[in-house]
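Subject: Structure handover

Hello,

Here is the structure for your set-up work. My notes follow below it.

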Amino acid sequence: MLASWYDDQGPAADVLHVGELPDPVPGPGEVRVRVTVSGVNPGDTKKRRGWLGSSMPYPRVIPHSDAAGVIDAVGDGVDARRVGQRVWVYGAQSYRPFGTAAQYTVVPADLAVPLPDHLSDELGASLGIPGITAHRTVFADGPVDGRLVLVHGVLGGVGSLAAQLAHWAGATVIATVRRTTDLDPAVAHAVALDTGEPAAAIRSYAPRGVDRIIEVALSDNADLDNAVAANNAVIAAYATRADRTEIPFWPLLFNNVTLRLLGSDDFPAEAKRQAARDLTSAAAVGALTVDVRDRYPLDDITKAHDHVDTGGVHGRILVTLPQ
């Protein structure tokens, strides 16, 4: 099969290879997926770079955890009727060496989720890491029907899906963007963080405060979150800019705020399965869309990784596989 891999960590141009590798064979409880589209996430490029001092987890890594494709072989114990089924894939390179930047990937059967025929491969390849992270930020602390949910970074991959999932589940969503120029008239209840008084703008939509805060930059927004949180609110943070992040401890304490930190690779397995079910259901009724910024052929995977590494990109970066 044609695949991309790295045997050492470092810059994409220095370590990513593209060439032929043996076709993988599914073992017991596994399926093999012929990949059509592979999704590139910041986590994939951070692993390749050795972010935070992480080392090579395996001698060789095929990157990327997310994909869409068609099951073409199954291992023992898997229903043979799954052959030919369109699926979206998550977790392919989570504690596993060989991900989805290849014509074939092998994963445990429950990580290949049936993709309804009317949904695109591009959407399917965008539901893994960002979708499951978004689902956990919204639902880890219970239903949001009738709640006020503040989503920071609504133009990002996780933020966009979190806002859509919260709306699908009956919440009123308030969204933030970094700059006034990013405001979209089509997005209701949107606030730009470069305005003079973002807390007042948020409070104009939520006079009693917000119940849930989906946080992409806790180090930047801790004081703002404190200013707009309702009593017993939850701040669900999946990223920060400063490794050692300060928070206004006593005001948050007396407001009984819960701070939940979320690392997607280590979510409980049942939480991931529930997220997969809900993401598929929401997508099937048209409640989820993704903005695909760029598609690269596998031969240009270095450019795809560089695009993600530069940051500040709104929209999904995908790699397409030859069929």
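Six strands make an open sheet, ordered β10-β9-β8-β11-β12-β13, with parallel pairing. Strands are DSSP runs of E with at least two residues, helices are runs of H or I with at least four, and both are numbered from the N terminus. Two strands pair if DSSP finds at least two bridges between them. The edges are β10 (190–192) and β13 (258–261), each pairing on one side only. From one strand to the next, the twist averages 20 degrees. Within this sheet, β8 and β11 run parallel and are joined by three bridges. V151 stands opposite I214 in β11.

This is a predicted model: local features need pLDDT of at least 70, side-chain atom pairs count only at pLDDT 80 or more, and totals for chains, interfaces and linings use all residues. Residues are numbered from 1 along each chain as its sequence is written, and side-chain values use heavy atoms, with hydrogens and water left out.

Helices on the sheet

α5 lies across β8, β9 and β11, at about 170 degrees to β8. Angles run from 0 to 180 degrees between N-to-C directions, and axes are lines fitted to C-alpha atoms, for helices over the stretch in contact. Contact means heavy atoms within 4.5 Å.

Buried means under 20% relative accessible area, exposed over 50%, and partly exposed in between (1.4 Å probe, protein chains only). Just after α5, G170 has a positive phi of about 100 degrees.

α6 also packs on the sheet. It touches β8, β9, β10, β11 and β12 (229–237), and its direction makes about 175 degrees with that of β10.

α6 against α7

The axes of α6 (residues 198–205) and α7 (residues 218–228) come within 9 Å and cross at roughly 35 degrees. P198, A199, I202 and R203 of α6 meet L224, A227 and V228 of α7. Six of these contact residues are nonpolar, none is polar and one is charged. Here Ala, Val, Leu, Ile, Met, Phe, Trp, Tyr, Cys and Pro count as nonpolar, Asp, Glu, Lys and Arg as charged, and the others, Gly among them, as polar.

Around W88

β4 (residues 66–74) and β5 (residues 86–89) pair antiparallel over four bridges. A68 has W88 of β5 as its bridge partner. β5 is also joined to β7 (residues 112–114) by three bridges, again antiparallel. There, W88 stands opposite V113.

Two single residues

A287 sits in the loop between α9 and β14 (292–297). A287 is partly exposed, with a relative accessible area of 23%. Not counting residues up to four places away in sequence, A287 touches Q164, W168 and A282.

P322 is in the segment after β15 (316–320). P322 is partly exposed at 34% relative accessible area. Leaving aside neighbours within four places in sequence, P322 contacts L2, R34 and Q103.

Regards
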